[in-house]
Number of protein chains: 2
Amino acid sequence: MTERRTEILEAALGLFSKKGYHDTSMQDLGEALGLQRGSLYTHIRSKEELLLAIVKRGAEEFLKALLPVEDMEAPAPERLREAMRRHIGVVARNLEAATVFFHEWRFLPETARQDVLKDRDRYEGVFRSILDDGIREGTLRPHDTRLSATLALSAGNWLYQWYDPKGRLTADEIADRFSNFILEGISRGREGAA
Amino acid sequence: MTERRTEILEAALGLFSKKGYHDTSMQDLGEALGLQRGSLYTHIRSKEELLLAIVKRGAEEFLKALLPVEDMEAPAPERLREAMRRHIGVVARNLEAATVFFHEWRFLPETARQDVLKDRDRYEGVFRSILDDGIREGTLRPHDTRLSATLALSAGNWLYQWYDPKGRLTADEIADRFSNFILEGISRGREGAA
């Protein structure tokens with residue numbers, strides 16, 4: 001990718017996350033970059049192309065961070081902790097991109113939307129397989145792993161709405177606490193377990 | 001509220017959730033309702049007024065559902081389960097409104113935004129106070145209740161992105177499983193607890 005193109009992508013990311021994809025015009029983008037619209041079009045074909053690039057880069061970043069955990073040689077609880085750290089790390093380091101990724105992917109053209117859904121399935125699949133491994137190896141109790149994977153991912157995803165890099169906890173601390181809650185629960189004993 | 005105004009609000013909700021607030025024009029709204037723009041303006045002042053009404057109604061619905069749980073006479077784990085059912089119930093019954101509420105509240109004028117944040121704090125406060133009660137009464141172990149409240153709310157909020165009313169689980173079943181995970185954890189025993 002050329003340097004200019006990277007610059008344009010970063011500017012688009014900032015605008016899409018603040019104003020939303022639809023409300024950002026090529027004019028806005030040109031102004032943010034100090035470029036004429038015509039000169040913008042020598043680098044990119046359309047606004048849609050930019051959204052596509054942003055969402056694709058987001059999906060890749062998530063997968064790149066998570067996939068190594070699939071092959072980690074460690075008990076499932078430890079791998080889950082590591083997966084949470086990585087997942088939450090990506091969101092926390094890319095709050096603007098996460099906003100665009102989570103809000104605007106629906107507006108991609110159909111084939112691109114399907115690609116995102118496929119990447120998302122693959123990603124959730126890593127969480128599920130860790131949890132299923134845990135049941136098999138006996139470190140986790142039998143339960144609905146599709147839903148516990150959703151719980152773990154929801155906690156990480158929602159971070160983009162509230163996480164403050166200057167807040168009281170680091171991203172890793174948040175990830176570790178969430179992992180503790182999900183693995184060990186918050187109730188005093190298991191006597192009352194349903 | 002007049003019947004016509006309710007109709008306009010419903011149409012705005014549908015359009016905002018599909019296209020986003022910014023990309024919905026008064027023209028779109030008029031077309032969806034079979035009304036001229038001029039006649040729209042006899043019922044509402046602006047698009048912003050509609051967004052405000054939708055977000056306010058959303059906040060009220062959430063609070064109305066949850067507040068009774070604050071005064072419920074029952075151990076904290078049971079109240080948490082009930083709070084999760086109610087929270088998830090509101091999201092599941094109002095998927096379009098939840099999308100608008102979660103995505104578009106940022107675009108409200110400053111005072112309205114502050115009101116939403118206040119309602120949100122109040123809402124989270126109910127979850128936190130249930131969890132703090134649990135620690136005091138000894139049904140929950142001492143832990144960071146601000147973060148466990150966030151975990152519970154994140155799981156419920158994120159539902160708007162994936163919940164399918166025709167899916168394999170009802171909203172109540174999802175709520176109960178999430179509550180189980182958070183209360184009891186998914187690991188086999190507590191021996192490995194960090």
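How many helices and how many strands are there in chain A? Chain A has nine helices and zero strands, where helices (H or I, at least four residues) and strands (E, at least two) are DSSP runs numbered from the N terminus. This is a predicted model, in which local features need pLDDT of at least 70 and side-chain atom pairs count only at pLDDT 80 or more, while totals for chains, interfaces and linings use all residues. Residues are numbered from 1 along each chain as its sequence is written, and chains are lettered from A and ligands numbered from 1 in the order in which they are written.

**Chain A**
- Along the principal axes, the C-alpha atoms of chain A fill a box of roughly 70 × 35 × 30 Å.
- Of the 194 residues of chain A, 39% count as buried, a term for residues with 20 or more other C-beta atoms, placed from the backbone, within 10 Å of their own.

**Contact between the chains**
- The contact takes 35 residues from chain B and 35 residues from chain A, two residues being in contact if their C-beta atoms, placed from the backbone, lie within 7 Å.
- On the side of chain B that touches chain A, the elements giving two or more residues are helix 8 (145–162) and helix 9 (171–184) of chain B, and helix 9 of chain B provides the largest share, eight residues.

**Symmetry**
- Chain B can be laid on chain A with an RMSD of 0.0 Å by a turn of 180 degrees and a shift of 0.0 Å along the axis, the copies being superposed by least squares on the C-alpha atoms of residues with pLDDT of at least 70 in both.
- The two copies are therefore related as by a two-fold rotation axis.

Terms used. Buried ≥ 20, exposed ≤ 12 C-beta atoms within 10 Å, placed from the backbone.
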